[in-house]
Every structure is written in C-alpha cells, then in structure tokens.
Amino acid sequence: MGSACPPAVRTCPKLHLSLENGRAVPRGMERVPVEGSWAEYSCDPGFRLVGSARSDCTRTGRWS
C-alpha cells in the first residue's frame with residue numbers, strides 16, 4: 001500500500017497581473033494564478049485598452 005501524489009497544479013506568472021495606467025483584476029484565484037483562473041483588464045480614464053480584456057491561465061502555465 002503506497003500513497004499517491006496528486007497531480008501538480010500549473011501556475012502562471014504573477015507579473016502578468018500588473019498593468020500600467022490601468023488595473024488587472026484576478027478572478028478564480030486566491031494568492032497564486034493557477035490553471036483555470038483568469039484576469040480582467042481595464043484602463044484608467046483617458047487610456048484605451050489594446051488587446052483582450054481577459055486573459056486565462058492555461059494548463060501549460062502561460063497566460064492566453
């Protein structure tokens with residue numbers, strides 16, 4: 001009788017959650033961005049978002 005190890009949980013870099021002239025709001029995560037969590041982006045007044053307003057932490061450990 002042995003014990004089984006649970007599968008490793010993939011994490012994404014926290015650096016992606018910082019945004020100049022706006023904010024990134026983490027969703028579906030507590031302290032660390034893990035597979036299946038996401039971030040939503042918005043800009044400060046006077047700035048326009050270029051790109052997607054949402055990014056997902058993928059199973060490869062990268063942001064979409």
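Cys57 is in contact with Thr11, Cys12, Pro33, Val34, Glu35, Gly36, Ser37, Arg62 and Trp63, once neighbours within four places in sequence are left aside. The model is a predicted one. Within it, Cys57 forms a disulfide with Cys12. The two sulfur atoms lie 2.2 Å apart. That distance falls within the 2.5 Å cut-off for a disulfide. By this rule, the count comes to one disulfide. Cys12 is located in the segment before β1 and Cys57 in the segment after β3, so the pair ties together parts that are 45 residues apart in sequence. The link of Cys12 and Cys57 is right-handed, with 100° about the S-S bond. A disulfide is a covalent bond between the sulfur atoms of two cysteines.

Both Cys12 and Cys57 are buried. They also belong to the largest nonpolar core. Buried residues must fall under 20% and exposed ones over 50%, so a value in between is classed as partly exposed.

The protein chain has three strands and zero helices. Along the sequence, the pattern is β-β-β. The strands form an open sheet in the order β1-β2-β3, and the pairing is antiparallel. Strands β1 (22-27) and β3 (54-56) stand at the edges. Each has a single partner strand, so one side of each is left without a neighbour in the sheet. From one strand to the next, the twist averages 20°.

Strand β1 is joined to β2 by six bridges, and the two run antiparallel. In this pairing, Pro26 stands opposite Ala39 of β2. The bridge partner of Trp38 is Asp56. The bridge partner of Glu40 is Arg54. In a regular strand the side chains alternate between the two faces of the sheet.

Val25 is found in strand β1. Apart from residues up to four places away in sequence, Val25 touches Trp38, Ala39 and Glu40. Val25 and Trp38 are 13 residues apart in sequence. Their C-alpha atoms are 8.5 Å apart in space. With a relative accessibility of 27%, Val25 counts as partly exposed.

The segment before β1 also holds Asn21. The phi angle of Asn21 is near 65°. This is a positive value in a residue other than glycine. Asn21 has a relative accessibility of 33% and therefore counts as partly exposed.

Val34 lies in the loop between β1 and β2. Leaving aside neighbours within four places in sequence, Val34 is in contact with Val9, Arg10, Thr11 and Cys57. Val34 and Thr11 are 23 residues apart along the chain. Their C-alpha atoms are separated by 4.2 Å. Thr11 is also among the contacts of Cys57. Val34 is partly exposed, with a relative accessible area of 23%.

The chain as a whole was also examined. The protein chain has 64 residues, and buried residues make up 19% of them. Among contacts with a separation of 6 or more, 30% are between residues 24 or more positions apart. The protein chain exposes about 5200 Å². Carbon and sulfur atoms supply 53% of this area.

Note on methods
Residues are numbered from 1 along each chain as its sequence is written. This is a predicted model: local features need pLDDT of at least 70, side-chain atom pairs count only at pLDDT 80 or more; totals for chains, interfaces and linings use all residues. Side-chain values use heavy atoms; hydrogens and water are left out. Two strands pair if DSSP finds at least two bridges between them. Helices (H or I, at least four residues) and strands (E, at least two) are DSSP runs, numbered from the N terminus. Axes are lines fitted to C-alpha atoms, for helices over the stretch in contact, and angles run from 0 to 180 degrees between N-to-C directions. Buried means under 20% relative accessible area, exposed over 50%, partly exposed in between (1.4 Å probe, protein chains only). A nonpolar core is a set of buried Ala, Val, Leu, Ile, Met, Phe, Trp, Tyr and Cys residues joined through side-chain atoms within 4.5 Å. Contact means heavy atoms within 4.5 Å. Accessible areas come from the Shrake-Rupley method with a 1.4 Å probe; for residues, only the protein chains shown count as cover.
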